[in-house]
Amino acid sequence: MLAQIKEMSLDKNRRNPHYRVLLQSPDGSELFIHFNYTYRSKTYWSRDVYYNNVHKKSKLAWYTQSVEEMTAQQFLEELGAIVNEHFNFTPRR
């Protein structure tokens, strides 16, 4: 992952855990991602994406493919693992 994490939060008091991460991309732009982990499908889903304060809805693939050179799912899995480790949280199976 090329972007650096500036801030992160985890809300585990919901039906599915919700993550909020503020990143700084390699070119200095800010990327805010609100995503969640769905226990039923065992995958991460982006909910809101902001790039330099411009709302991109839930679309993240344009960034991950052009900058990170990975799929959006791989990127969210990496981010989720970092946040989970930071907050000492393990999603139930």
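Helix H2 (residues 72–86) lies across E1, E2, E3 and strand E4 (43–51), and runs at about 95° to E4. That angle is taken between N-to-C directions on a scale from 0 to 180 degrees, with axes being lines fitted to C-alpha atoms, for helices over the stretch in contact. Helices (H or I, at least four residues) and strands (E, at least two) are DSSP runs, numbered from the N terminus. This is a predicted model, where local features need pLDDT of at least 70, side-chain atom pairs count only at pLDDT 80 or more, and totals for chains, interfaces and linings use all residues. Residues are numbered from 1 along each chain as its sequence is written, and side-chain values use heavy atoms, with hydrogens and water left out.

**Confidence**
- The average pLDDT of the protein is 95, and 99% of the residues score at least 70; pLDDT is the predictor's confidence in each residue, from 0 to 100.
- Among the elements, E2 has the highest mean pLDDT (98), while helix H1 (residues 61–68) has the lowest (94).

**The sheet**
- Five strands make an open sheet in the order E1-E2-E3-E4-E5, with antiparallel pairing.
- Strand E1 (4–11) and strand E5 (54–55) sit at the edges with a single partner strand each, so one side of each has no neighbour in the sheet.
- Two strands count as paired if DSSP finds at least two bridges between them.
- E1 and E2 pair over seven bridges in the antiparallel sense, and a hairpin of six residues joins E1 to E2.

**The nonpolar core**
- A nonpolar core is a set of buried Ala, Val, Leu, Ile, Met, Phe, Trp, Tyr and Cys residues joined through side-chain atoms within 4.5 Å.
- Buried means under 20% relative accessible area, exposed over 50%, and partly exposed in between, using a 1.4 Å probe and protein chains only.
- The largest core has 22 residues, and Tyr19, Leu23, Leu31, Ile33, Phe35, Leu60 and Phe75 touch the most other members.
- E2, E3, E4 and H2 each give two or more residues to this core, with the largest share, five residues, coming from H2.
- In soluble globular proteins, nonpolar side chains tend to be buried together.

**Serine 46**
- Serine 46 is in strand E4, and beyond its neighbours within four places in sequence it contacts His34, Phe35, Ser58, Leu60 and Leu76.
- A polar atom of the serine 46 side chain lies 2.5 Å from the backbone oxygen of serine 58.

**Loops**
- Asparagine 53, in the loop between E4 and E5, has a positive phi near 65° without being a glycine.
- Asparagine 53 counts as exposed because its relative accessibility is 72%.
- Lysine 57, in the loop between E5 and H1, is another non-glycine with a positive phi, about 60°.
- With a relative accessible area of 54%, lysine 57 is exposed.
- Threonine 71 sits in the loop between H1 and H2 and is partly exposed, at 40% relative accessibility.
- The C-alpha atoms of threonine 71 and leucine 60 are 9.0 Å apart, with the two residues 11 apart along the chain.

Methods
Contact = heavy atoms within 4.5 Å. Polar contact = N/O pair within 3.5 Å; in protein donor to acceptor, adjacent residues only side chain to side chain.
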